[in-house]
Amino acid sequence: GRVPTDKAFREYVQHLGTPRLGPSEADFVQDSLEHATTIEERLGCSSHLLATLTHQLGVAVVAPFSQAVLERVQFVKLSEQRLLVVLVAQGDAVRHRIIRLAEEIGSDELDRIANYVNQNFVGWPLAAAHREILRRIQEDRAEFDAILGRLRLLCVEGFLHTGSDARIYLEGSPNLVGGVASIQGERVRQLLQALEDKQKLMQVLDACIRADMTLATAAAGSGEVVSVQIGLESAYPWMKDYALIGTVCELEPGLVGRIAVIGPTRMPYERVISAVAHLARLFRHLAEAN
């Protein structure tokens, strides 16, 4: 009747067999994920599926948009000096940004600039494209042509600026609060506050997935390596009774995300590992099909 220690849980996890979802659940997960048409929709769906399958907190993260691979850029003139920049990345991920120009750029010029970017930088990560454009402008500072001259004006206004924000999707917060019998009062408040701090949560997720405690049996069964972190007190001292199970998954060529489940240390590890590994494998297959 005694509660196992974290060391005991780690020993148990390392000796699990090859976990797999049942056929009906696997079909349900595949149908749900395939009906989502964009990366954002698939990640939102995956956090919901993880919460539904495990009755814990499902987490899905897409890397900062600056790491996305450019598919095309489009400019829409709103007024003489206001411009809508539309960035489309692989996987139909889209970002809109309105910039105000110091001087007017004509519609024909905007079309030529868009064509230049699309012809030269499609397939580049956005951050790398931004660096290369700036390099070309600097290299030709003395006598850059009309397109680079106008492109410099757009760069000054940050037309390729995508921010460093990662998109985080959470589902099943009530499961996390109710999963530990001893959690009360102040710890509930701390827990909910931690979930709202998405930047810190992303750092915790990334650190745990890259930690040394990796479950090799999940890789043997599904082709995916799933990390298991027992006790999250290194990130939040009051989360010593929780564990994180997650993995890195390929969303599109050149764009990765992370999916995970957070729950009490006394969770059904085999089932959670099965769900995380299965979703990661589906993401990989969808990325390879594109």
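This is a predicted model: local features need pLDDT of at least 70, side-chain atom pairs count only at pLDDT 80 or more; totals for chains, interfaces and linings use all residues.

Me: Is Cys45 buried or exposed?
Reply: Buried means under 20% relative accessible area. Cys45 has 15% relative accessibility, so Cys45 counts as buried.

Me: And Cys249, buried or exposed?
Reply: The cut-off for buried is under 20%. Cys249 has a relative accessible area of 3%, so Cys249 is buried.

Me: What kind of aromatic pair do Tyr116 and Phe121 form?
Reply: The structure holds two aromatic pairs, and Tyr116 with Phe121 is one of them. Their centres are 6.4 Å apart, with 65 degrees between the planes. Planes over 60 degrees apart count as edge-to-face. The Tyr116 and Phe121 pair is therefore edge-to-face.

Me: What kind of pair do the rings of Phe121 and Trp124 form?
Reply: A pair of aromatic rings is described by the distance of the centres and the angle of the planes. For Phe121 and Trp124 the centres are 5.1 Å apart and the planes stand at 75 degrees, so the pair is edge-to-face.

Me: Which residues do the ring pairs link into a cluster?
Reply: Phe121 pairs with Tyr116. Phe121 also pairs with Trp124. The cluster is Tyr116, Phe121 and Trp124.

Me: Is Trp124 buried, exposed or partly exposed?
Reply: Buried is under 20%, exposed is over 50%, and partly exposed lies in between. Trp124 has 30% relative accessibility, so Trp124 counts as partly exposed.

Me: Which residues is His278 in contact with, leaving aside its neighbours within four places in sequence?
Reply: His278 is found in helix H11, residues 269-289. At 10% relative accessibility, His278 counts as buried. With those neighbours left aside, its contacts are Leu21, Ala26 and Val29.

Me: Are H2 and H3 roughly parallel or roughly antiparallel?
Reply: H2 spans residues 23-35 and H3 spans residues 39-54. Their axes come within 10 Å and cross at roughly 155 degrees. Angles over 145 degrees count as roughly antiparallel. H2 and H3 are therefore roughly antiparallel.

Me: Which residues in H3 do Glu25, Phe28, Val29, Ser32 and Leu33 in H2 meet?
Reply: H2 passes H3 in a right-handed crossing. The H2 side holds Glu25, Phe28, Val29, Ser32 and Leu33. In H3 they meet Arg42, Cys45, Leu49 and Leu53.

Methods: Residues are numbered from 1 along each chain as its sequence is written. Side-chain values use heavy atoms; hydrogens and water are left out. Buried means under 20% relative accessible area, exposed over 50%, partly exposed in between (1.4 Å probe, protein chains only). Rings of Phe, Tyr and Trp (its six-membered ring) pair if their centres lie within 6.5 Å; planes under 30 degrees apart count as stacked, over 60 as edge-to-face and the rest as tilted. Helices (H or I, at least four residues) and strands (E, at least two) are DSSP runs, numbered from the N terminus. Contact means heavy atoms within 4.5 Å. Axes are lines fitted to C-alpha atoms, for helices over the stretch in contact, and angles run from 0 to 180 degrees between N-to-C directions. Angles under 35 degrees count as roughly parallel, over 145 as roughly antiparallel, 65 to 115 as roughly perpendicular and the rest as oblique. A crossing is left-handed if the near helix is turned anticlockwise from the far one by less than a right angle, and right-handed if clockwise.
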